[in-house]
Amino acid sequence: MDPMIRLSIFLSRLWRNPPPRRTVLVMLGALAAALGVVAVDKLGFWPADWRLNPPVNRPAIGRM
């Protein structure tokens with residue numbers, strides 16, 4: 001199934017049957033934490049020693 005169709009089905013179910021306030025706050029907190037980690041990493045404040053997958057320069061498949 002296409003990811004956008006799956007997302008739209010998920011959002012329509014949330015719209016029809018909204019979760020409790022506590023669940024919404026937990027979901028928003030997790031989203032904010034994830035966005036915060038990404039922002040810290042993209043701005044360059046994340047220590048290089050803590051990176052799990054450092055960027056590797058590999059040639060693309062088929063471009064040899």
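Mentor: Helices (H or I, at least four residues) and strands (E, at least two) are DSSP runs, numbered from the N terminus. V40 lies in helix α2. The model is predicted, with local features needing pLDDT of at least 70 and side-chain atom pairs pLDDT 80 or more, while totals for chains, interfaces and linings use all residues. Residues are numbered from 1 along each chain as its sequence is written, and side-chain values use heavy atoms, without hydrogens and water.

Trainee: What secondary structure does the protein have?

Mentor: The protein has two helices and zero strands.

Trainee: Why is V40 called partly exposed?

Mentor: Buried means under 20% relative accessible area, exposed over 50%, and partly exposed in between (1.4 Å probe, protein chains only). V40 has 32% relative accessibility, so V40 counts as partly exposed.

Trainee: Which residues is V40 in contact with, leaving aside its neighbours within four places in sequence?

Mentor: Those residues are F45 and W46; contact means heavy atoms within 4.5 Å.

Trainee: How do you know that the span of helix α2 agrees with its number of residues?

Mentor: The expected span of a helix is 1.5 Å times one less than its number of residues. Helix α2 (residues 21-43) has 23 residues and should therefore span 33 Å; its end C-alpha atoms are 32 Å apart, which agrees. After α2 comes G44, with a positive phi near 90 degrees.

Trainee: Why is M4 called exposed?

Mentor: M4, found in helix α1, has a relative accessible area of 57%, so M4 is exposed.

Trainee: What share of the 64 residues in the protein is buried?

Mentor: Buried residues make up 0% of the 64 residues.
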